[in-house]
Amino acid sequence: MHDVLVAAQQAGELKAGLQSIGAGIAYGAAAIGPGIGIGIVVGNAITAMARQPEMAGQVRTTMFLGIAFTEALALFGFVLFFLAKS
Amino acid sequence: MFAAFTFPPIDELFRWKDIAFNDSGYGINKTSLLVFISSALILLIFIGGSRKMKLIPSGVQNVLELTYDFVDRGITRDVIGNDATRYTPFLGSLFLFILFLNFWEIIPGIQFPPTSRFAIPLFLSLMVYVLYWFLGFKHNGIKYLTGHLFPAGVPKALYLLVTPIELVQILVVRPFSLAVRLLANMMAGHILLTALALLTSYTLTNAPIITIGPFLLNIGVTGFELLVGFLQAYIFTLLTAVYIADSLHPEH
Amino acid sequence: MLASVLAVAVKAAEAAGEVKAKNPIVPESKEILWASIAFFIVFGLLAWKAWPAIKKSLQDREDKIRGDLEHAESVRTQADKELADYQRQLADSRNEGGRIIEEARQSADQVRKDLIARAEADAAEIRARAQEDAKLATERAMADVQSRVSDLSIELAERIVRHNLDKATQIQLIENYINEVGGTRR
């Protein structure tokens, strides 16, 4: 009987551990693409601002919009992390 | 050799017990209390400050005018158009509401952003969702929907691909991403600050030599969260303006 | 045996999952309720009291600055115009003064020339008259002398040849002589 209880406990821990690993991988994977994307967005925005400083205000607004849209994917991963863990 | 470093369950950082109307289904907890306090602060500053506006501004009036100008010129006119000043009250209230809630994250003694509870971003984004659908149908009729689902200049065959994507985009992704962006940023910031604070106190008792590291990092991240709190309020308002502009002139 | 152990394990795992607290992301309806009430109050009151007042204040200032600028612009234009007018008048009066001086100089010249001319004319007239007078006086004196000479000659001749000649012949003689003399003299 003791063996059975240990097995049950281990099964519960195994499930929780696998959930944590899966959630971690999911978030890590979700952060790769947006990381690269935000880098591209900001880099090009800086290039544009350096070329045409008089357009800097408009470029900045558009840059934030681009960051916001790109970042959303990473944040979905972040939320998925919590959903997957429990 | 050291006592184990334990991080509390995430749930403990975000869920608070009711402090009034306990367990009645509409109890008031720390989140709601902070919402009330920040609403009262906004009303106090903005209505109290705007009672006697002078031609030569000073003190609070400068702040009020700066805020109005920021929202009116930087968001409303820039994104929607010069004739859209009537949306400034809504966008301005939205911006202030989120900004004040976000700043609780770094107020010493409170250090909990109510916007990191899904309830508030979800409510705000659903409200924006309803608003831009209403405005879209009011100004453009059914064309608002068909214009999105069947964009002009796309080969007919591609509609098989484009239409479902657009449908999911405007029905689900837009409001969800709007809410999740705010939620996740504030939540991540809160977890990060909590982790650094716990690490500081843990190293202080167990390894005082390296305490300065997490401590300085904590200060730096607090400054960064100030920026994030402002930026997220700005981006939420900016995207709201973008969606409203899209409802008014879907061809752009 | 194995199957029953697995079944117990799965049940235990599920029980462990249920004991765990709810997910922190799941929204709570009571928070939605209070947040929505708070937001609508904030939005309503700000839209009613605060935003219009701030907007009006900004608009008033903009209007005032625009009005001031326009006023300053108009005043400046007027001042420019008046300055130009003044400068034009100044130039005009300077020209006028020059012209008057020139005119005065010309008329003074004219007057001097006139005076000189008149003086010369007067002098010439006086000289001419003096010559005339002199000539008349000479002629009169000449005629006088002639008649005196003839009278004297007659008297002299009478005295000399009183008895030798009758009077008529003598006059004839003397007349001839005088004419002769006068003819050669003239």
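B:G59 sits in the loop between α2 (30-49) and α3 (60-80) of chain B, where helices (H or I, at least four residues) and strands (E, at least two) are DSSP runs, numbered from the N terminus. The model is a predicted one, in which local features need pLDDT of at least 70 and side-chain atom pairs count only at pLDDT 80 or more, while totals for chains, interfaces and linings use all residues. Residues are numbered from 1 along each chain as its sequence is written, chains are lettered from A and ligands numbered from 1 in the order in which they are written, and side-chain values use heavy atoms, with hydrogens and water left out.

With a relative accessible area of 52%, B:G59 is exposed (buried means under 20% relative accessible area, exposed over 50%, partly exposed in between; 1.4 Å probe, protein chains only). From B:G59 to B:I10 it is 49 residues in sequence and 42 Å in space, C-alpha to C-alpha.

Chain B as a whole has eight helices and zero strands, and its elements run α-α-α-α-α-α-α-α from the N terminus on. Its C-alpha atoms fill a box of roughly 70 × 55 × 40 Å, taken along the principal axes. Of the 252 residues of chain B, 49% count as buried. Among contacts in chain B with a separation of 6 or more, 67% come from residues 24 or more positions apart; contact here means heavy atoms within 4.5 Å.

Another loop of chain B, the one between α4 (88-103) and α5 (119-140), holds B:Q111. Its phi is near 45°, a positive value in a residue other than glycine. Most residues other than glycine have a negative phi. B:Q111 counts as partly exposed, at 43% relative accessibility.

Neighbours within four places in sequence aside, B:I80 is in contact with B:I75, B:Y87, B:L91, B:A241, B:I244, B:A245, B:L248 and B:H249.

Chain C reads α-α-α along the sequence, with three helices and zero strands. Of its 186 residues, 15% count as buried. Between chains B and C, 46 residues of chain B are in contact with 35 residues of chain C. The area buried between the two (accessible area, 1.4 Å probe, lost on being put together, summed over both) is about 3,600 Å², and carbon and sulfur atoms give 75% of that. On the chain B side, B:L55, B:Y68 and B:F123 lose the most area to chain C, together 17% of what that side buries.

Then there is the largest pocket, with a volume of about 470 Å³. On a 1 Å grid over the protein atoms alone, a pocket is an open set of points where a 1.4 Å probe fits, with protein on both sides within 12 Å along at least five of seven lines; lining residues have an atom within 4 Å of a point. Of the 22 lining residues, A:E71, B:N185, B:F224, B:V228 and B:Q232 are the closest to its centre. At least two lining residues each come from α1 (2-51) and α2 (56-85) of chain A and from α7 (159-206) and α8 (212-248) of chain B, and α8(B) gives the most, with seven.

Notes: Grid points are joined across faces, edges and corners, and a volume is the space filled by probe spheres set on the points.
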